[in-house]
Amino acid sequence: MENYFNYFTEIEEHFQRRRGGILLLSTLDWALIETWKSAGVPLEAVLRGVDDSFDKYDQRPSKSKKVNSLAYCSQAVLAAAEDMKEAAVGASGEEKTEREPGFEAAQVAAFLRGNAEKLEGAKLPERAGFSTGTLAREESASLQELAAAIESSGKLPRLEDLERRLTVLEEKLFAVLMAVTPDEDLVKVRVEADRDIAPYRRNMTAGQVEQLHKQYVHKRLLERCGVPRLSLFYMH
């Protein structure tokens, strides 16, 4: 996927614009966006799918129920992605110009430092054999070091490399949270995920539902402990 570091914001604003009113995206919506991002669905395909879904909705004679979730658009988004993939088959290997992410060094450094402070204050569950607090402090220090390096050089590192580093840090945190969170709490989160995803299962494949379920649980666990999302995609 190209460097769409405004991926989340673009989708959120476009969905709200087409819906005709401000609606805070739910955990399900954010998990779905992350699933699309992880699967490499181009931003253009998501926006096109949202438009197609609302175009069809607007043609309905009865609109008693308002569209309240991005999941309503999931089938159209996947169809748009497939259409774009087919259109690209046989295309010449012309050089692709990389999109400018529009980030400033000071902005990224502030984001890293802010997340370092949030990690220091996070309330992580403890369990014998797992030093969650130690891990949080170590990762906080890593974020501070990354921020200091950017500030001292005044330049951004290669953003793809920085994003991979942040992804590794977040995945380590998530793995520990899964291990130390009591079983009854994990069950509750999974029940929430099943309930929120249920109305949209028919529009997704089994693999898509499984990935969305994983992202939902991931996001909810981090939220419960006050752990910030470290990815640059969450800078908005």
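Modeller: Asp 161 is a partly exposed residue with a relative accessibility of 41%, where buried means under 20% relative accessible area, exposed over 50% and partly exposed in between, with a 1.4 Å probe and protein chains only. This is a predicted model, in which local features need pLDDT of at least 70 and side-chain atom pairs pLDDT 80 or more, while totals for chains, interfaces and linings use all residues. Residues are numbered from 1 along each chain as its sequence is written, and side-chain values use heavy atoms, without hydrogens and water.

Asp 161 pairs with Arg 158 in a salt bridge whose closest N and O atoms lie 3.3 Å apart (a side-chain nitrogen of Lys or Arg within 4 Å of a carboxyl oxygen of Asp or Glu).

Another of them joins Arg 48 to Glu 44, with 2.7 Å between the closest N and O atoms. Because these two residues are four apart in helix α3, about one helical turn separates Arg 48 from Glu 44 (helices, H or I, are DSSP runs of at least four residues, and strands, E, of at least two, numbered from the N terminus). Arg 48 is partly exposed at 33%, and Glu 44 is partly exposed at 41%.

A further salt bridge brings together the side chains of Arg 18 and Asp 58, at 3.4 Å from N to O. This one links distant parts of the chain, since Arg 18 sits in helix α1 (residues 7-19) and Asp 58 in helix α3 (residues 43-58), 40 residues apart. Arg 18 is partly exposed at 23% relative accessibility, and Asp 58 is partly exposed at 42%. Both residues also belong to a network of salt bridges that links Arg 18, Asp 51, Asp 55 and Asp 58.
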